[in-house]
Every structure is written in structure tokens, then in C-alpha cells.
Amino acid sequence: MSSQPSSLPRLSIRNLSIGNQTAFVRDVSFDVGAGRILALVGESGSGKTLIGRSILRLLPENIRQLDGDILYHGGSLSGLSTAEIRRLRGGRIGMVFQEPLVSLNPALSIGRQMAEGLKLHLGLDSGEIRTRCIDMLRRIHVPRPEQCLAAFPHQFSGGMRQRIMLASVMLLRPDLLIADEPTTALDTLSQRQVIETMLELTREVGTSVLLITHNLGLVDKYADDAVVLRRGEIVEEGTAARVIRLPRHAYTRRLVDALPRRRGGVVAAPPDEPILVAKGLELSFRSAGRSILRRKKIRVLHGVSLTVRRGETVAVVGGSGSGKTTLGRALLRLLDVDRGTISYRGADVTRQPDRQLRPFRRACQIVFQDPFSSLDPRMRVGALVGEALRHITPLAAAERRARVEAALADVGLPGHADRLPHQLSGGQRQRVALARAIVGDPELLVADEPIASLDMTVQKQVLELFQRLQAERGFACLFISHDLAAVQQIAHRIVVMHEGRIVEEGPCDAIFDDPQHEYTRRLLEASPLLDATPAVTCPSAIFSEAKR
Amino acid sequence: MSARPNSRSRIRLLAGGLLASAVLTMSVLAIFWTPLDPNRLDVLHRLNAPDVRNLFGTDEFGRDVLSRVMVGATTSLSVAMLTVIVAIAVGSTIGFLTGFFRGWTDRVVMILNDTLLAFPGILLALGLVAVTGPHAYATVLALAVAFTPKVMRVVRGTVLSLREREYIEASRAMGNGPLYTLARHIVPNAVAPIAVLATSMFGWAILMESALSFLGLGVPPPAATWGNMLATARPYLTSAPWLSVIPGILIATTLLSVNLLGDSLRDWLDPRM
């Protein structure tokens, strides 16, 4: 395609600074070579998204490029007019965003949206566009591509939407693709599919990729080069393998350490009395149909049986749609099951009305996935945590305050009682949710993907907090997650769910070393799990090695 | 994060507050004192243009327009305020309960509500006043009936989206009863949209009261409201324009100030601001 020799990098960022009054990105430089995949790694707030957006001038209002230059095939992009930049967008430089749920327009059919770029940049006629779209969909293994063109985004899963998005971007054969956290909102299996689709398509066209991510597991597996950002500045760069195996900067090492790593599983819990026993749970939802008559029931749980013993951590693992979240809600009687029984300490609570459930509710607490919506935005942290003590035998105000403060200190947030939720970071909010759950000394904690929406290092901190609290307070835990790697350091027992059924169940080590079910094997493969590398566990050795 | 939206919001609050307090002061003052008797006829000074004696001129019976506008402010504002209070109280109570508990009651109530909504508010009000006869309280009742369905819709919609939030489920998981959850977690989070709705409805109420009076079905003469002053000024639009311009400007000013206050209220109620 390009007449220039490939010695010029596709994209060069030169001393780039971005910000308004203060700079959010400072003096960043790196090159993306032809056909290479460069990962821009950093946690939320590190400025990685700003860099990606500045390339195509898609920065949010009142944030601008303060200094430096962006070269594309050696030519500066800063001097180009808005019209010239617009011609590059999509046509030569493609972009994929994080949220597949919102980056496709829900009001337009897939076909219309895929055709948009072709019509705009190549000016093809509609027949040619249709053939190209169908070819592309077939290429990414979308079943029945003709029907897919007529379908609307909501008819597809998140992973599927993201692949369709990728396909429509790659239809234009751009030579640079900017992918901003393309897999973050997806479960591990879909993550893997999306990334592999991306690799296949870009390799075929020879597209360079700027992969913006916080997931070092992906970087390790797929990227050629890596640039690590921290608070808007580059702390380390090099080949991806080198950066992850032999990190030089302390921050990179912290990131790498936060990666889930296979190590000896948790020792099996001693057999103890069961707290919660579920037998043969069945649950269906009514699907939304156009008319009441045509509504069908969709069964989400098919005869699920599960026992949680005192002090034990059971991980429920499965992809999205496997029914794991529904199971967690049903076990806590937040959803009513159609059939089956739930008993708590031998007493059947399956059909008990809410009013009689108080002791059960007190003993069984829940932590939700999204700390942004699980805390009432108008209540202060102290009140949020204190509310959980409402149903415990009358407490004097002073004693209540003392217990709230103790719980907050326990989760590492002493003195935060007067804050409002929006003043806290995601990790801090999840700590508040955790404090709310443990303040009443529960016997069982259901944690529904409590770390999925957090940065890697924060994930690790919250997991460790979980473990510590459990050791100190001895509650049992049902830990729901889509990621096998994340649970392996805390689970005594793992339950794998697929399409509303438990397909495999066993001690942590057994699942990892000898998975029986095919679905478990696929989950394991998709997990961005590092093998424990001796080099990382012994950082001083790296330094001496690197200096030589 | 920049300083601009904040300072803009402060200007809105200041401007709205100044205008509103001016109108309010005028209406309170009118209870005790007006420059002249608002209902005293003076045939010798009919349709006088504004001068030193009558700052805003006189109407077709020689009554002082300034005094009548002041008295009219009292009536118009209190009618509007009562209307909004009744409509919000009734509408949001029903909206909170049906939206939170759902079920058959919700469906039946919403069908009735949609039926009411299908009529233009002014038509509903007209029908009611035709039955009760023109009277200040009848106007309040008629306007409240016209506004309540809108409040119910908005409140119910807000509650429907709020009740799906995880913190509502968290409250249930804590063992809290439904009424407690409603009062502690739903109502406070719905206050902002209700407050904004109330301020915009206040403006609508003033307009609709004027419209009813204009049609002769509002507060009956000789009592002055801005609406019936406008209505009687119509034949003199060209010969004595001040008769329609002055109440018109007052209505517009009041609407502006209330809307500015509504915007500031919305910002102020947002915990993130």
C-alpha cells in the first residue's frame, strides 16, 4: 500500500503533553511500527485513553494537546485541517471503543452501520457493500451473515457486538487501529474471542495496533511492545515479553505482581456444618415479547444444588449468561425460585415471607458488582454502613458509631464516615460496600463479581482484603466471578456453571490441574493467568541482570 | 471541572432570586397597602396613560393599574402556589406508591391516569370550573386536577428506574421493609426531578390561571388577577397598550425567575455538585 519503506514507524508520538490548565499527560513519546501491536498499559486515570483519542483529535471538550507532535507515516497530524483529519478517521486509522453496548447505534441495523464507512470513504455501490459486509461477517464466523445484516445490536451479546464493531472498522482496511480497552466489559471467554478476531483481521491487512488496556494478561499473550504509563508519564517501555518478565520499574513490578498467578491452592477447609444448602433450584424469567401471549419463559437455573459450609469460600465461575448472578440472588432470597429448596441452618427459608427473613438477612450479606450503583448516592459512608445495623438488637448511638468506624477501619477506610460515595474511587466504594456487609458479623457473604470493575492492582488489594477479613471474622463466602484466574487464590472449592447448570465442582487445585468438563477447559485457557516466573518473585536478580 | 458552569449557576441563582423576591415582595405588600384603592372607579380618568398619579396608567373604569397589578400578584401567585402544592402532594404520593409496589393497582391507576392525560389540561380545568362555577378555590382545584396526572407520570417513571438500582436491592438484602426502603432510599433520590417539575409547573399554573380568567372562568371580577386583567385589556390593545403590556411583563418576569430558580435548585440538589 504505502510507497515508503517500512523503516518509518506508522505512528510516532513525540513529546506529547495533553491537558487543560494542568497536564494530564506529560512528555510521552513512543513509536508503533508497521504491523506491530503496541500495548499502552496503565490504570484508570493514567491518561492512556487521552493519548489514544488525541491521535484522531477526539479529545473531550476543554482538554487539548499542549505540546509535542503526532506523526503518522512520518507526517505531522497537528498541521492537518479538521476535514483532513476526518478523512483519516475510519479510512486510514480505525478506532474501537470500550463499551460495545453503546458504541453501536441501537436504532440502526448492523448492515446500515457496517455500510456507513464503506460508503463514506470508498464510495462503493450498495451491491458491492453488501457482498463485502457478508464476506467480512463470514470471516469472523458470524452464523447466518445475511440475517445478521438485518438484525439490530440488542440482538447480540456484548462480545458479539464488539466483534461486529471490529469487523466494520476493519472493512476499510485501515493501517492503524486504535483499540481502547476493547475487552474490558466482557467475560473472559468473549475477551479471548474478541482479541483473537482482532489479531486475525489486523494480521491479514498488516494493520498496526495501538492496544489501550489495563490488563497485563492480554499484553503478555498478544502484544509485541508495551509502554507503561503512570499518572501521565511513561515509566517503562520495551518489548511486551521483556516488560512483563523483567520489569525494571517498581510500578511495573507492582502491576505484574497484581496479575493472578497460579500458585498452590488454598488448603481445603475442614469439613464443618453446612450453613446454606440449596437443592434442585429452578428459576425462569419471563422474556420480554411484543405481546403478553407470545412471552416465553426462559429458564435460567436448571436444578442447581449447592452447599456452603461455615468458613468456606466457594467460587461460582461461568461466562455471562451462565446464571451465576441469578444463583447468588436466589440463594439470598432476592429472587424467588420456581422449584427447589433453600435451607439455612436446617430451616427451610425458600418460601418464607420477607418479614420473617430478618435473622436470615442479617446472617447472609451481599456485595454487588458495581460499586457505583450499589451505594445510595445521597447517603454518607457512615450512614450507609450504619444502616446495616438497623435490625440488630437495639444499639446505642455511640456503640453503633463505634462499630461503623471499626468496620471502616477494618476495610482500610478509617475516618471516611463523612464522605459521599461520589467522592470515593471505585476501589474505595467497593471497600465501603464490603464494610456494610461485614459490620453486622454475617455468617455468609455472597460477593457478586466484586472485583470485575476494578483496576488490576486494586483487584488484588480487594481480594487480599477479602481474604484477611475472612480469616479474622470466619464468615463463609460465595464468590461469583467470570474469571477462574481471579478466584484461584481465595477459593477452597470451585463450582463451574454453564447455561444454568453446574457442570463441574471440586477443590480449587483439582479444577486447575485436572479439569473434567470441556467448558472448564475453555475457561481455563481464556484466563489471563501467568505461570509463576521465578524472575519476578526475586526482583533484585532482575536489576543486576538488566544492568548487565 | 472548570469554574465556568459554577459561576453561571451562581448568576442564575442571583438573577432568579432577585426577580422572584421583587414579585413576592410586591404581592405581600399588596395585602397591606396599595398606592390607591384597586377597585375604586374614577370615570373622569378612564384609560389614562401612565403619569405621576397613576404610574402604570388607569383601565377602562379609571381604576389604578399599579394597584390592581399588585393585588393581582397576590391572587395569581397564591393560586399558582396552592395548585402546585396540591398537585405535587397528591401526584407524587400516588406515583411513589404505585411505582414502587407495581401490581394490579399500578396498572389500573396508570390506565386512569393516561385517560386523564389524554385530555388537554385546559379542557379538564374548563370542564371542572363549568361545574363548580368561577371561584379562586375552584381554579386551584381545576388546575390541580389538570396537573396531577403529569406529576404521577414523572414520579412513577423516576421510581421505576430507581427501584432497579442495586442499592435498593442492597436495602432489601439488609432486611429493611419496603416502606422504609421507599422513604429512605427512593424518595430522597427522587426529590431533584420533582423539585424541577414543581418549578416549571408553577409557571404553567400562572399561565393557565391567566388563560382561564381570560375565558371568564378564572377568579371572577372585580377581584384582579394578572389573567383577568389581560382578558379585559383586549379591546384596548391599540388605544391603551399599557393595560396588556404591564400584566404581560409581570407574568413573563415571574416565569423567568421561577425557571431560573428551578435550574439552580436542580444543581443544588445534585450531591455531585
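H4(B) passes H5(B) in a right-handed crossing in this predicted model. The two helices of chain B, H4 (residues 121-132) and H5 (residues 136-162), pack at an angle of about 145°, and their axes are 8 Å apart. A right-handed crossing is also found for H2(B) and H7(B).

**Helices H4 and H5 of chain B**
- On the H4(B) side, the contact is made by B:Gly121, B:Leu124, B:Ala125, B:Leu128, B:Val129 and B:Thr132.
- H5(B) contributes B:Ala138, B:Thr139, B:Leu141, B:Ala142, B:Leu143, B:Val145, B:Ala146 and B:Phe147.
- By class, the contact of H4(B) with H5(B) holds 11 nonpolar residues, 3 polar residues and no charged residues.

**Helices H2 and H7 of chain B**
- The axes of H2 (residues 65-101) and H7 (residues 178-214) of chain B come within 8 Å and cross at roughly 145°.
- From H2(B), the residues that meet H7(B) are B:Ser76, B:Val79, B:Ala80, B:Thr83, B:Val84, B:Ala87, B:Ile88, B:Ser92, B:Phe96 and B:Phe100.
- Their counterparts in H7(B) are B:Leu182, B:Ile186, B:Val187, B:Ile194, B:Ala198, B:Met201, B:Phe202, B:Ala205, B:Ile206 and B:Glu209.
- The residues of this contact between H2(B) and H7(B) divide into 16 nonpolar, 3 polar and 1 charged.

**Domains of chain A**
- Chain A is assigned two stretches, 11-44 and 64-258, as domain 1, and residues 274-529 as domain 2.
- Taken over C-alpha atoms, the centres of domain 1 and domain 2 of chain A are separated by 34 Å.
- Contact between these domains of chain A involves 16 residues of domain 1 and 15 residues of domain 2.
- On the domain 1 side, at least two residues each come from helix H8 (188-205), helix H9 (216-222) and helix H11 (250-258) of chain A.
- That side of domain 1 of chain A, which touches domain 2 of chain A, has 5 nonpolar, 6 polar and 5 charged residues.

**Contact between chains A and B**
- Chain A has 23 residues in contact with 16 residues of chain B.
- The side of chain A that touches chain B is made up of 9 nonpolar, 6 polar and 8 charged residues.

How values were computed
Residues numbered from 1 in each chain as written. Chains lettered and ligands numbered in written order. Predicted model: local features only at pLDDT ≥ 70, side-chain atom pairs only at ≥ 80, totals over all residues. Contact = placed C-beta atoms within 7 Å. Nonpolar A, V, L, I, M, F, W, Y, C, P; charged D, E, K, R; others polar. Domains from an automatic or database assignment. Helix = DSSP H or I, 4+ residues; strand = E, 2+ residues; numbered from the N terminus. Axes fitted to C-alpha atoms, helices over the stretch in contact; angles between N-to-C directions. Left-handed = near helix turned anticlockwise from the far one by under 90°.
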